[in-house]
Amino acid sequence: MTQPHDRIPATTPTEALAAPQASQTRVAVVGGSLTGATCALLLLRAGFPVTVYEAAPAAAPRGGGLIGLEHPALDVLDRLGIGQQEILAHPSETVREVTLRDRQPIHTARHQYPGRNTTWSLLHHALTRRLPDGVLRPGHRVTGLTAHGGRPHLLFANHRHAAADLVVFADGRTSTGRRLLDPARRLRYAGYVAHRGHTDHASPHLRDFLRLEPGPGCQYNVAPIPGGLDWTLYLTCAAADYTHYFGAPPHRRTFALPRHVSDTARALVDAHAALVLPAAHAATVHATTVRMAAPVMDIDAPTRMAWPIGAGWAALIGDALAPVRPHTGRGANNGIEQAAALTVALTQHHRWGADLATALDGWQRRQLPAAVTAVRQGPLLGAHLGTGS
Ligand SMILES: Cc1cc2nc3c(=O)[nH]c(=O)nc-3n(C[C@H](O)[C@H](O)[C@H](O)COP(=O)(O)OP(=O)(O)OC[C@H]3O[C@@H](n4cnc5c(N)ncnc54)[C@H](O)[C@@H]3O)c2cc1C
């Protein structure tokens, strides 16, 4: 039997005053992709009322390619009940880097990746299927943010509006939140494109992430995904050519979906693959029917992540804060880590009465360096590859 002195002492009225519960902070997350959906699930689990406003209609076709997640991001997902068996593209941790000359391998290096590969589609499905009914509001494009009655107020393209205590903008590379909160930071096209494709037949010889470096201005990555292969071919491309190939300039069409990929763009990629890749890989590219593309973009490094709006707050996370070049492998990792750290700060506020401004300031101070590092690393990696302008 438990003796009285073994029991955890009951909270005295004085201690209860020292650790008050802050009033419930209502959170609006803008953007229901990887960062926004992760943030919403973490905040819901921590007890916050959350609504996710997503511009894309529920039925809009969406999808994306291979994404490497490092251990901290995988651990966040694990804590949300998203185990690796549900999201892994392939189990290997090995990256093989092959230098090519005249389409033949002349040097191979191997290293281990401190994480695993998933795909945008696998991870997005795993996240969004866990959102309780009614949390995700598709077809809600945010166009403005004001302070109304002392609280942040979101305005939508469909003329609706909604109030919250904290607005978390996770609305991606062309973020409306960034335009409203930090308007001086504009996207700049880096002068090259990540052409992507999924094949629906796997190669029995390919188990790892394989990177081929044929020479300046070009890189090819290929890896297994469930039921096939995912590849990316980076090629230098003038902005005017991008517009011609994908129907809009790079800063407007930051993702070219399969329906945007013109026959001219397909022919260009096929011709380059034939010119620089070993025959088997060129054949993989040629056989790929589903293609996409993403122009590589730069932005000035962020200097802050949170802004007061009336008596409430607005914050930028993920690509909304800092879209980084794909070679850094940090975009989704940063978004997930920022979402997890934001949940910690808000929990300290809600559960233990921490001052919200101080908690958000601490969050920003801890998270900004990783975002700044990745923004600065991108052009260095691009220069090493000889890609872009
Ligand atoms: C070729 C390539 C390879 C990559 N590889 C890696 C990798 O290995 N590792 C890694 O960590 N990252 C990688 N990335 C980056 C990663 O894909 C992105 O960083 C990540 O997907 C960004 O997620 P997000 O949720 O922040 O933004 P997004 O995925 O862009 O989502 C933004 C969401 O907001 C919505 N939205 C936009 N505007 C509004 C609005 N006004 N109102 C409401 N909703 C709005 C959009 O519809 C979208 O759903 C790669 C990217 C590319 C292109």
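In the predicted model, histidine 260 counts as buried, because its relative accessibility is 15%, below the 20% cut-off for burial. The residue lies in the loop that runs between helix α7 (239-246) and helix α8 (263-276). Beyond its neighbours up to four places away in sequence, histidine 260 touches Tyr245, Phe246, Arg253 and Phe255.

One of these contact residues, Phe246, also belongs to the lining of the largest cavity. The structure holds one cavity of 30 Å³ or more, and the space within the largest cavity amounts to about 50 Å³. Besides Phe246, the lining of the largest cavity comprises His195, Arg196, Trp231, Val261, Ala265, Arg266, Val269, Arg291, Met292 and Ala293. At least two lining residues are supplied by each of strand β12 (188-199), helix α8 and strand β16 (290-298). By residue class, the lining of the largest cavity consists of seven nonpolar, one polar and three charged residues.

Helix α8 also contains valine 276. Valine 276 counts as buried because its relative accessibility is 19%, which is under the 20% cut-off. Apart from residues up to four places away in sequence, valine 276 touches Leu100, Arg103, Pro214 and Cys218. Leucine 321 is 45 residues from valine 276 along the chain, and the C-alpha atoms of the two residues are separated by 36 Å.

Of the contacts of valine 276, Leu100 falls within strand β4 (residues 94-101), which pairs with strand β5 (residues 104-112) in the antiparallel sense over eight bridges. Within this pairing, threonine 94 has glutamine 112 of β5 as its bridge partner. Two residues lie between the strands in the β4 and β5 hairpin, where aspartate 102 adopts a positive phi near 50°. In a regular strand, side chains alternate between the two faces of the sheet.

Strand β14 (218-225) and helix α9 (279-286) each contribute at least two residues to the lining of the second largest pocket. Helix α9 accounts for the largest share, with three residues. The lining of the second largest pocket divides into six nonpolar residues, four polar residues and one charged residue.

Helix α3 (residues 71-79) has Ala73, Leu74, Val76 and Leu77 as its buried residues. Viewed down the axis of α3, these buried residues fall within an arc of 155° and therefore line one face of the helix. An α-helix has 3.6 residues a turn, so residues three or four places apart point the same way. The elements covering the buried residues of α3 include helices α2 (34-45), α4 (84-87), α5 (120-128) and α10 (331-352), together with strands β3 (66-70) and β6 (115-119). Just after α3, glycine 81 adopts a positive phi of about 85°.

Conventions: Residues are numbered from 1 along each chain as its sequence is written. This is a predicted model: local features need pLDDT of at least 70, side-chain atom pairs count only at pLDDT 80 or more; totals for chains, interfaces and linings use all residues. Side-chain values use heavy atoms; hydrogens and water are left out. Two strands pair if DSSP finds at least two bridges between them. Helices (H or I, at least four residues) and strands (E, at least two) are DSSP runs, numbered from the N terminus. Buried means under 20% relative accessible area, exposed over 50%, partly exposed in between (1.4 Å probe, protein chains only). Contact means heavy atoms within 4.5 Å. Ala, Val, Leu, Ile, Met, Phe, Trp, Tyr, Cys and Pro count as nonpolar, Asp, Glu, Lys and Arg as charged, and the others, Gly among them, as polar. The arc is that of the directions from the helix axis to the C-beta atoms. On a 1 Å grid over the protein atoms alone, a cavity is a set of points where a 1.4 Å probe fits but cannot get out, and a pocket is an open set with protein on both sides within 12 Å along at least five of seven lines; lining residues have an atom within 4 Å of a point. Grid points are joined across faces, edges and corners, and a volume is the space filled by probe spheres set on the points.
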